[in-house]
Amino acid sequence: MTTATIIGSGPNGLSAAIVLAAARIDTKVLEMNSRIGGACSTAETTLPGFRQDLGSSAYPMGLASPFFRSLPVSIPWIIPPAQCAHPLDDGTAVLLEHSIEETVATLDSCDRRAYRSLLKPLTGQFDQLIEEVLSPMWHFPRHPLLLARFGPLALLSGMRLAKSFFRGQRARAFFASMTTHSILPLEQPTSAAVALVLMAAGHARGWPILRGRNLGLHREGGSSPRPH
């Protein structure tokens, strides 16, 4: 019989275990810590009563993920009123709201039309965009016109897109902050792609936070704990 052993019970490990188990493969998940969750965990690491996320906090692709939506369980997502805020030197901030109009209200007036023209098409077809983005790199596009619009923008560097689309410092700083999630230099081509997807996700679905639950662990023969 084919078997699989997964090291680590974070979101990726548990997702892999679900896929393997659904394929009728005998699957075991091993975790060295006393609690499952990996980077998706919260603990009191400083003072009693003060809880900190140990890794990730918000999940921009959580509600958009085809895999998570396929699960026969209700994931306890929390949807914040604003998805993120980029603070500026003057003490104000640019907010990524669900509403594009509420977001552009925090930008300089010279950039509001440009922001709408950039994000509205991607937000309006976000489900189709994610279907294409999360597919294997080499595949036959199901939405070629959408990719024809997204592709040239996605190939740009975050710095070039920000400077070519926006004139005010607020929108430029905001887009640059989104680009940093790509973990690429702002000058590197394709770094704009991550910013565009994250911003469209914020408008279309939101950046949910996972509500915590206490899950017990069972130890097998004193070895690494195994979720049950």
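Modeller: The model is a predicted one. The protein chain has nine helices and ten strands, and its C-alpha trace spans about 65 × 50 × 30 Å along the principal axes. Of the 228 residues in the chain, 35% are buried. The chain exposes about 13500 Å², and carbon and sulfur atoms supply 59% of that area. Among contacts between residues at least 6 apart in sequence, 55% join residues at least 24 apart.

In soluble globular proteins, nonpolar side chains tend to be buried together. Here the largest nonpolar core has 38 residues, and Tyr-115 and Phe-175 have the most contacts inside it. One strand, β7 (93-97), and the helices α3 (100-104), α4 (112-124), α5 (126-133), α6 (144-154), α7 (158-165), α8 (169-179) and α9 (191-204) each supply at least two of its residues. The largest share, nine residues, comes from α9. Leaving aside residues up to four places away in sequence, Tyr-115 touches Leu-96, Ile-100, Thr-103, Val-104, Leu-107, Lys-120, Phe-166, Phe-174, Met-199 and His-203.

The first strands come next. In a regular strand the side chains alternate between the two faces of the sheet. Strand β1 (residues 3-7) has Ala-4 and Ile-6 on a covered face, while Thr-3, Thr-5 and Ile-7 lie on an uncovered one. β1 runs parallel to strand β2 (residues 26-30), and five bridges join the two.

Last, the cysteines. A disulfide is a covalent bond between the sulfur atoms of two cysteines. The structure holds zero disulfides. The cysteine sulfur closest to that of Cys-40 belongs to Cys-84 and is 19 Å away, so the distance is too far for a bond; the cut-off for a disulfide is 2.5 Å. Cys-40 counts as partly exposed because its relative accessibility is 23%. Cys-84 counts as buried because its relative accessibility is 17%, and the limit for buried is under 20%.

Methods:
Residues numbered from 1 in each chain as written. Predicted model: local features only at pLDDT ≥ 70, side-chain atom pairs only at ≥ 80, totals over all residues. Heavy atoms only, no water. Buried < 20%, exposed > 50% of the residue type's maximum accessible area, 1.4 Å probe, protein only. Helix = DSSP H or I, 4+ residues; strand = E, 2+ residues; numbered from the N terminus. Pairing = 2+ DSSP bridges. Contact = heavy atoms within 4.5 Å. Areas by Shrake-Rupley, 256 points an atom, 1.4 Å probe, with all protein chains shown as cover. Core = buried A, V, L, I, M, F, W, Y, C linked by side-chain atoms within 4.5 Å.
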